[in-house]
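Dear colleague,

I am handing over the structure we spoke about, with the sequence and the coordinates together. Please look through it before reading my notes, which follow below.

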Amino acid sequence: MKDLILLGASGQLGQEWQQILDKEDFSQFNIAAYDSDQLDLTDKHKLAEVLQERNPDVVVNCAAYTKVDESEKHIKQAETVNVKAVAELARLSEELNFKLLHYSTDYIFPGGEEDKQRFPKGYTEDHPADPINKYGETKWKGEQAIRDNTDNYLIIRVSWLCGQFGSNFVKTMLKLGKERSTLQVVDDQWGSPTFTTNVVENCINLLYREVKGTYHLTSEGLITWYEFARAIFDKAGVEVKVEPVSSDQFETMADRPHYSKLCTDKIEAVPGSNVINWNQGLDNLLSQLDSLSRL
Ligand SMILES: NC(=O)C1=CN([C@@H]2O[C@H](COP(=O)(O)OP(=O)(O)OC[C@H]3O[C@@H](n4cnc5c(N)ncnc54)[C@H](OP(=O)(O)O)[C@@H]3O)[C@@H](O)[C@H]2O)C=CC1
Ligand SMILES: Cc1cn([C@H]2C[C@H](O)[C@@H](COP(=O)(O)OP(=O)(O)O[C@H]3O[C@@H](C)C(=O)[C@@H](O)[C@H]3O)O2)c(=O)[nH]c1=O
């Protein structure tokens, strides 16, 4: 039995971890979950106290400051959670001998439009990071802080995360689709969604196999947010007009990469990994959301 501590338990990925680990097939894990009220990661002393007392084998860190636009204004807040607290977790991983499973993002990459042709399979794990927004900057610094402080880590970079819990693009679109007759969605940012159920399943496999290092995980396929929105409405049977627009026409506080596809060759080479197509992932998620709305 492995003792596993889950941090950021009330976020979209944290809730998915909890739900999947509660299933009997994963009874090999003894899990203790903490949301931000129970354990504020930025409280260095409490963090050390809890981890010393629990003495876990694995800490899964789903906590992060994920507000991309607000990070531009609240850089200190984003740094405190995404860099400082992560550095402390990594230091504790070395001191207390636990594996740190941490999540990072496609937004660490520059994402120039030309990279779509240059790297058609996506960015590999060793592609140089060069974030174009503050959120990406803090996530990249957080990664580096881990590598500087411990070897006992797994960093999983995912992109365009969505699942049944919390908030994400799929749920935002379904909500806006009910409220408005027309939506504008950017059609010059390319990438691929990653589904939370698939993330947890693959991460459990990596933990079983005692894998360490940095891995990319996303779905097969390459789409724009506009194409993703169109597919969401078509599959969900929502009638709404969606206009494709450029990033310049849809102004946001933070810039987003034009191309942020993650290459998944490395994780696919690990036995037991399962990379799904984004269409399949979206079908699964929509049926999960549909069943929830019937409850
Ligand atoms: N969402 C996405 O599209 C993507 C996410 N990622 C990464 O995946 C991981 C999970 O993201 P996701 O589940 O979507 O994020 P969410 O924003 O849904 O959840 C983040 C969680 O972190 C918690 N948290 C924030 N600050 C603290 C703190 N000081 N102490 C303890 N907990 C805190 C939040 O709690 P509270 O709400 O109570 O503050 C929240 O429950 C993150 O590392 C993120 O950077 C990577 C690529 C895409
Ligand atoms: C709501 C909306 C968004 N958009 C655009 C804005 C943005 O470029 C894109 C996606 O919108 P979101 O607000 O979901 O995007 P964003 O917050 O940028 O999502 C990101 O979150 C962080 C945490 C990550 O790590 C990334 O991988 C990514 O998933 O779609 C539209 O064009 N029309 C709309 O109506």
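Is Val-270 buried or exposed? With a relative accessible area of 11%, Val-270 falls under the 20% cut-off, and Val-270 therefore counts as buried. Please keep in mind throughout that this is a predicted model. Val-270 sits in the loop between helix H10, residues 265-268, and helix H11, and, with residues up to four places away in sequence set aside, Val-270 touches Asn-205, Leu-206, Arg-209, Val-211 and Tyr-215.

The chain as a whole

The secondary structure of the protein chain amounts to 11 helices and 12 strands. The radius of gyration is 19 Å, close to the 19 Å that the globule rule gives for 295 residues, so the protein chain is as compact as a globular protein of that length. Taken along the principal axes, the box filled by the C-alpha atoms comes to roughly 55 × 40 × 40 Å. Of the 295 residues, 52% count as buried, and among contacts in the protein chain with a separation of 6 or more, 84% are between residues 24 or more positions apart.

The protein chain exposes about 13,600 Å², and 44% of that area is supplied by carbon and sulfur atoms. As for charge, there are 32 positive and 47 negative side chains, and the centres of the two sets lie 1 Å apart.

Aromatic pairs

The count of aromatic pairs comes to 10. Among them is the pair of Phe-169 and Phe-228, which is stacked, with 5.7 Å from centre to centre and 15° between the planes. Phe-169 belongs to helix H7, residues 169-179, and Phe-228 to helix H9, residues 225-236, so this pair ties together parts that are 59 residues apart in sequence. Phe-169 counts as buried at 18% relative accessibility, and Phe-228 is buried with a relative accessible area of 0%.

Phe-228 also forms an aromatic pair with Trp-278, and this one is edge-to-face, with 6.1 Å from centre to centre and 90° between the planes. Since Phe-228 lies in helix H9 and Trp-278 in helix H11, residues 278-294, the pair ties together parts that are 50 residues apart in sequence. Both Phe-228 and Trp-278 are buried. These rings belong to one aromatic cluster, formed by Trp-160, Phe-169, Trp-225, Phe-228 and Trp-278.

Two further positions and their contacts

Asp-187 is placed in the loop between strand E7, residues 182-186, and strand E8, residues 190-191, and counts as partly exposed at 30% relative accessibility. Not counting residues up to four places away in sequence, Asp-187 touches Thr-224, Tyr-226, Glu-227, Pro-244 and Val-245. Asp-187 and Glu-251, which are 64 residues apart in sequence, are 13 Å apart in space, C-alpha to C-alpha.

Thr-138, by contrast, is found within a helix, namely H6, residues 134-149, and counts as buried at 0% relative accessibility. Leaving aside neighbours within four places in sequence, Thr-138 is in contact with Ile-75, Ala-78, Glu-79, Asn-82 and Val-83.

Backbone angles to check

Two residues may deserve a look when you go through the backbone. Asn-97 has a positive phi of about 65° although it is not a glycine; Asn-97 lies in the loop between helix H4, residues 75-96, and strand E4, residues 99-105, and is exposed, with a relative accessible area of 59%. Glu-210, likewise a residue other than glycine, has a positive phi near 55°; Glu-210 is in the loop between helix H8, residues 196-208, and strand E10, residues 213-216, and is exposed as well, at a relative accessible area of 51%.

Note on methods
Residues numbered from 1 in each chain as written. Chains lettered and ligands numbered in written order. Predicted model: local features only at pLDDT ≥ 70, side-chain atom pairs only at ≥ 80, totals over all residues. Heavy atoms only, no water. Helix = DSSP H or I, 4+ residues; strand = E, 2+ residues; numbered from the N terminus. Rg over C-alpha atoms; globule rule 2.2 N^0.38 Å. Buried < 20%, exposed > 50% of the residue type's maximum accessible area, 1.4 Å probe, protein only. Contact = heavy atoms within 4.5 Å. Areas by Shrake-Rupley, 256 points an atom, 1.4 Å probe, with all protein chains shown as cover. Lys, Arg positive; Asp, Glu negative; His and termini not counted. Charge placed at Lys NZ, Arg CZ, Asp CG, Glu CD. Phe/Tyr/Trp six-rings, centres within 6.5 Å; stacked < 30°, edge-to-face > 60°.
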